[in-house]
Amino acid sequence: MNVGIGLPIGDPATLLTWARRAEAGPFTTLGLLDRLVYDNPEPLVALAVLAGATSRIRVQTEVLLAPLRDTALLAKQTATLDRMTGGRLVLGLGIGGREDDHRAAGVDIRTRGRRLDEQMPVLRRLWSGEPYGDGVGPIGPAAFRPGGPEVLFGGFKPVALERVARWGDGFLAAAPPSWAGGLFDTVRGQWKEHGREGAPRLVAQVNVALGPEQVVEDARAAMHAYYTFTGMPDRMVAGVLTTPRAVREAVTAFGDLGADEVMLYCYGLDPDQVDRVADAL
């Protein structure tokens with residue numbers, strides 16, 4: 001099973017170090033989360049820089065909040081990154097749940113799901129080289145992958161899971177194995193109901209922090225700040241894996257559920273975690 005690294009957001013200047021170490025190790029993917037009203041790097045810009053500093057490893061948004069973005073421009077940006085990386089872009093998409101992000105983007109948070117459902121056929125059409133419509137022609141460049149980059153959807157509600165079968169290539173589950181199994185089964189079932197061939201790609205995500213106590217505390221503090229908006233940051237922090245054994249057990253558990261890849265997301269800034277995680281696998 002493939003294993004990727006989710007990158008910390010606290011210091012963008014360190015991400016090149018993380019990316020180069022990950023590429024030299026056993027990892028298959030670099031992931032980066034998305035917020036607007038937060039002290040984090042813009043993921044498409046940051047991943048473009050990291051892709052230019054690497055040659056093998058995939059770059060993945062985890063997840064990009066598509067409703068905050070102009071659809072035509074998003075199609076062009078992602079096709080450009082997909083083309084210039086030789087197909088290494090994985091586009092994880094979601095709707096987000098932060099009111100301030102949507103206010104800053106001028107988007108009604110109450111209609112964010114509907115907006116994503118409206119964006120997807122446009123994105124797919126533009127990635128396929130078709131005209132935008134209403135007297136507007138195609139928007140290039142052509143993506144490396146026919147039909148556009150690989151698209152994963154994140155989410156938990158039934159309507160979010162159904163998007164995988166309707167528009168996506170796979171599912172990104174930010175949930176522990178005890179919960180992810182049911183989500184995977186739902187996604188697989190809907191995939192068949194929609195008459196899709198093959199099977200959806202299933203990607204799991206789990207938070208990790210390996211190293212001295214200072215590294216673990218750094219990660220917990222960053223996670224707590226990030227998830228404060230949920231009203232239950234302590235619950236999120238409690239789920240972080242802090243030992244090599246716990247990491248191995250999680251990877252095995254997700255593999256038993258049929259996951260194709262596990263993203264080990266790091267919130268602590270110490271880049272030596274890349275090597276520690278590699279040693280733990």
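How many aromatic pairs does the structure hold? The count is seven, taken from a predicted model. Notes on some of the aromatic residues follow.

1. Phe171 and Phe184 make up one of the aromatic pairs, with an edge-to-face arrangement. Phe171 belongs to strand S6 (residues 170-173) and Phe184 to helix H7 (residues 177-193). The two positions are 13 residues apart, and the pair links distant parts of the chain. Phe171 and Phe184 are both buried.

2. Tyr226 and Tyr267 also form an aromatic pair, in this case tilted. The distance is 6.3 Å centre to centre, with 55° between the planes. Tyr226 is in helix H8 (residues 213-227), while Tyr267 is in the loop between strand S8 (261-266) and helix H11 (273-280), so the pair ties together parts that lie 41 residues apart in sequence.

3. Are Tyr226 and Tyr267 buried or exposed? Buried means under 20% relative accessible area. Tyr226 has a relative accessibility of 7% and therefore counts as buried. Tyr267 has a relative accessible area of 6%, so Tyr267 is buried too.

4. Tyr226 and Tyr267 are also members of one aromatic cluster, together with Tyr38, Tyr227 and Tyr265.

5. Which residue lies over the face of Trp191? That residue is Arg196, at 3.9 Å from the ring centre.

Note on methods: Residues are numbered from 1 along each chain as its sequence is written. This is a predicted model: local features need pLDDT of at least 70, side-chain atom pairs count only at pLDDT 80 or more; totals for chains, interfaces and linings use all residues. Side-chain values use heavy atoms; hydrogens and water are left out. Rings of Phe, Tyr and Trp (its six-membered ring) pair if their centres lie within 6.5 Å; planes under 30 degrees apart count as stacked, over 60 as edge-to-face and the rest as tilted. Helices (H or I, at least four residues) and strands (E, at least two) are DSSP runs, numbered from the N terminus. Buried means under 20% relative accessible area, exposed over 50%, partly exposed in between (1.4 Å probe, protein chains only). A charge sits over a ring if NZ of Lys or CZ of Arg is within 6 Å of the ring centre and within 35 degrees of the ring normal.
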